[in-house]
Every structure is written in structure tokens, then in C-alpha cells.
Amino acid sequence: MATILNNKKLMIKLSITFIIPIIIACLPTTEVFTYQMKMAIAITVWMLMWSAFDLSNLAIPAIIWPALLVILNVVDAQTAFVSYIGTTMYGAIGCMLLANVLNECGLLQRVAYWVAIKCGGSFNKAVYAIFFATFAVSICTFASGSVVCAALSYGFVRAMDMLKTKEGAIIMMAGMLGASTVRMFLYYPVTMGPLLASVRAVDQDFTLSFMQLFKYNWPVLVFCLLFILLMQILGKTSQSKISGGKEYFIKKYNELGKITAKEKKALIGVIAILAWIITNPLHGLDCMYPFIFMPFILCMPGINVGDSKNIEDIPWSTILFFASCLAIGSVCGAVGITALIGSVASPMLSGMGVIGTLIGVLVFGIVANFAMTPVAMLAGFSGMLYSIAQSIGMNPLAVIFTFNHATDMVFLPYEYLTFLVFYAFGAMTMGQFFKYQLLKNIAYIAFFVAIIIPYWRLVGLV
């Protein structure tokens, strides 16, 4: 207690974290704004603020949140702990284990360095090399290899003596594009799971296949390539010199030696998962199952691609927090928050037209990103936005995709774990991070209006 009292910064964070939820909990109730609504909001705000201020291990707010909801008679236990009886949380565990196993056996590094060698050379080519290398890691890990992508990007920046330089920041941004932005068209269980769970609370027959995700969102890849070019033009990096860029990747690749039996088994596992996801429209089975089975199969005796350490290294506190965030949508629906917001938002959006509505959803997502993790955003609002889109006669998929795109539009590292991992390596300053993310967000809004929406019109999505 004395330590807390002597730490003014911590005291301020704790005060804000508790005072705001208490104020919400003390608000008077009405027929519309019920006890269950205000308490659900108060408890959820407490959990999200606790995590945003990084006050402790995430397991603390993650475990207390559902328990409070039940004890205070906000929702029943089945609603509060719904994440633990579905496949999404366990699929996320498997996805994180897969990243650990692929990293440990060396397959991720081999793929990344091979791609980088093919693209390396001058500084501008090296930037694209980092992007394609991290993109390859994302494909292999289904967008779960953020730590590997960050380490790869940082390793190159440090080797080239570019720490906290303009060039180093551009390299790190290219890595972030390959690790995060590409998930707009890649199947990433950690975000797809909450999105699907939230929408299915409104439409239980809703499905979203890998091919649909790719078909409507692949132009985001074009944005990544164009944005790298924009950074190079504005940064005038054609004059930047590097020594031994391609040689760095060749050296790293050669250090791995010949491809091992473990890597071959791991590659078979990745192909099996990808095949399951791509053929989902044919068999109709949950896309979480291959992530539940395959990573653990790779750790079984006799196969031995992974081991118990890979399982122990799963960020279990993050998984618990993910599970609680995953349940936010169900809680909001159960207490009537989703329906209330939908009834207010529908009339506002109905007169804005297609472009206005989609931009409005994008801006809403950007603002929500300041206070909520992408998982919490998608779990809490996807179902509501789906319902609103139906009520105003729009294709709900366009609205859902737009909201998902907004989860990648950040300004500060804390807004999304992947960006925080990259920033934590210390290769770029906070000023550089903010500057390039601001530029990216402005560029993406322009790209969204000029390219994405017209493309969606062309393919009949809007």
C-alpha cells in the first residue's frame, strides 16, 4: 500500500480506473437505462481502463470482470463465461501455440529470410523485402506471428545501424504492415472469432469464409505497397545508402542450415490448416477446429515439432483477457445495450448514403480504438453494426469489413498489441510512430474512398 501511495502516477491511474466506473454505477436508472445496462457499462469500462493503464497482469481484470457481472446480477453465468464454452478462445490458444512452434523449429525464419533475399538490395528494395518477409510470416501463422515479425524487422534495423532514424522507422512500419494490416484479408482467428460470435448473436446462421474475406479485401495489399512507396517518396530514401542489406539476409538464412524434419512436419501442418479454412464452404465445419487440433498434434510424442515449453510460453493472461473481451458482445446484447445503440444509430445512418455510412463506421472504429482493444471492439459492436446495416438496407458485410479495417488504424502503440510489440523493441521514437501512423491513417481513408468503395461496387458488395 505504501508503494502505491508514494507513486503519484500509479495513484492517478488507479483513481481514474475506479472513479469513472463508480460514477457510471451511481447514475439513476430509467425504463430505458436499466440497472443491468449501467452496471454492465461500469464494470466493462473498469476492465478496459485497467488494461489500458497496464496496472497489472491482464489475468486480474480478465477473471474479475465476468465474476462481478454474475455476483451483481447483471447477467447469468452462462452469458458472462460464454467464451469458455465456445471454440473461439481455444482456437486462439492454438493459433498462439502454432506461432511458438513455427518460430522454435525455424520454419518462420527460413521463409522470411528466403523472401527477403529475393527482394533485397538497395534500401528501398530492403523495405519491400521486410514487408514481404513479414507478410510471409503472417501467412504461415495466420497473422499470429507479430513477435517474430517485430524481431525480424528490428534485427535488420539494428544490423544496419538505423535505430531511431528515419530509415529505421520506415523499416519498422513496413514490418507492421506485413504483420497487422494484411489481416484485413487473411483469416486471423483472434479477430475473426469475436467478429463471428458477435454477429451470430444477431444472425445465428452468419458465416464468413476465407475466400469471402480475401475476395472483398485483397486491395488492402495494394494499399500496403503504395504506402511503402509514399513513405519512401516523402522520406526521400532513394538517397539512403545501406551496406550489406542483402548479405545480411543471406547470412541469416545460411545460419539455419538445411531444412530439418521438424520444419517439414510443421509445413505440412500449416498446409493442412490452410486447406481446412479454404474448403470451409464445402464441409461447413468451424474454422477454429484446425487451430485447436493441429498445433497440439505438432507437440505430440512421436511428432515432436513442438514441446511442452511451447505450450507453457503461450501468453495465458492475454488469453484470459481475450476471453473476457470476447464475451462483451454477448453481455451487451443480453442487457439491451446493443439494441439501444442500434435504435439511436439507425436513423442517423439511414440518410447518409453508402459512402457516408461506411466512412461514419470507419471513423467510429478509429475513435473506439482509443479506448478498446480490437477484440473488444469487434466483440462489442460487430453484431450491432450488422443489425443496423440490415435495418437501413445495406449489405452488412460491407459495414463489418469497414469496421474491421478500422481496428488497424491506430495513433499510439497501446491501441493494439501488435503495434505495441513493434514499438517495445525501441527501434523508433514515439514521435516517429505517431507521425507514420497518422500518415497511414490519412492515406488509408483516401484509399478507402477512392479504391475500396468503388471496388466493392464493382463486385456487388455495395
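## Where α10 meets α13

In this predicted model, helix α10 contributes Lys-166, Ile-170, Met-173, Ala-174 and Leu-177 to a contact with helix α13, which answers with Cys-224, Phe-227, Ile-228, Met-231 and Gly-235. Sort those residues by class and you get eight nonpolar, one polar and one charged.

As for geometry, α10 runs over residues 166–179 and α13 over residues 219–235, and their axes come within 10 Å and cross at roughly 175°. An angle over 145 degrees counts as roughly antiparallel, so that's the label for α10 and α13.

Now for another helix pair. Helix α6 (residues 88–105) packs against helix α7 (residues 107–119) with the axes 4 Å apart and an angle of about 70°.

On the α6 side, the contact uses Ala-99, Leu-102, Asn-103 and Cys-105, while α7 brings Leu-107, Leu-108 and Gln-109. The tally for α6 with α7 is five nonpolar residues, two polar and no charged ones.

## α2 and its two faces

Which residues of α2 are buried? Leu-14, Thr-17, Pro-21 and Ile-24 are. These four sit on the same side of α2, because they cover an arc of only 120° around the axis.

Turn to the face of α2 that points away from its buried side, and you find the exposed residues Lys-8 and Ile-12.

## α3, enclosed by its surroundings

Helix α3 (residues 35–52) also has 18 residues, and from its first C-alpha to its last it reaches 26 Å, close to the 26 Å expected at 1.5 Å a residue. Here 13 of the 18 residues are buried, so α3 is largely enclosed by the rest of the structure. Just after α3 there's a backbone detail to look at: Asp-54 takes a positive phi of about 55°.

Leu-69 belongs to helix α4, residues 59–71. Its relative accessible area is 0%, and since anything under 20% counts as buried, Leu-69 is buried.

What does Leu-69 touch? Leaving out residues up to four places away in sequence, the list is Ala-40, Ile-43, Val-74, Val-75, Ala-80 and Val-331. Take Ile-43: it is 26 residues from Leu-69 in sequence, with the two C-alpha atoms 7.4 Å apart in space.

## α11 and what covers it

Helix α11 spans residues 189–200. Its twelve residues should span 16 Å at 1.5 Å a residue, which agrees with end C-alpha atoms that are 16 Å apart. This helix is mostly covered, with ten of its twelve residues buried. The buried set is Pro-189, Val-190, Thr-191, Met-192, Gly-193, Pro-194, Leu-195, Leu-196, Ser-198 and Val-199.

So what does the covering? The elements over the buried residues of α11 include α6, α12 (210–217), α17 (289–297), α19 (316–326), α23 (374–391) and α24 (396–406).

## Ser-209, on the way to α12

Ser-209 lies in the loop between α11 and α12. Is Ser-209 buried or exposed? Its relative accessibility is 8%, so it counts as buried. Neighbours within four places in sequence aside, Ser-209 is in contact with Asn-280 and Pro-281. Against Phe-81, Ser-209 is 128 residues away in sequence and 26 Å away in space, C-alpha to C-alpha.

Most residues other than glycine have a negative phi, so the next two are worth a look. Phe-142 has a positive phi of about 55° although it isn't a glycine. Phe-142 sits in the loop between α8 (123–141) and α9 (146–159). At 5% relative accessibility, Phe-142 counts as buried.

Ala-143 is likewise not a glycine, yet its phi is positive at about 65°. Ala-143 too has its place in the loop between α8 and α9. With a relative accessible area of 6%, Ala-143 is buried.

Key
Residues numbered from 1 in each chain as written. Predicted model: local features only at pLDDT ≥ 70, side-chain atom pairs only at ≥ 80, totals over all residues. Heavy atoms only, no water. Buried < 20%, exposed > 50% of the residue type's maximum accessible area, 1.4 Å probe, protein only. Arc of directions from axis to C-beta. Axes fitted to C-alpha atoms, helices over the stretch in contact; angles between N-to-C directions. Parallel < 35°, antiparallel > 145°, perpendicular 65-115°, else oblique. Contact = heavy atoms within 4.5 Å. Nonpolar A, V, L, I, M, F, W, Y, C, P; charged D, E, K, R; others polar. Expected span 1.5 Å × (residues − 1).
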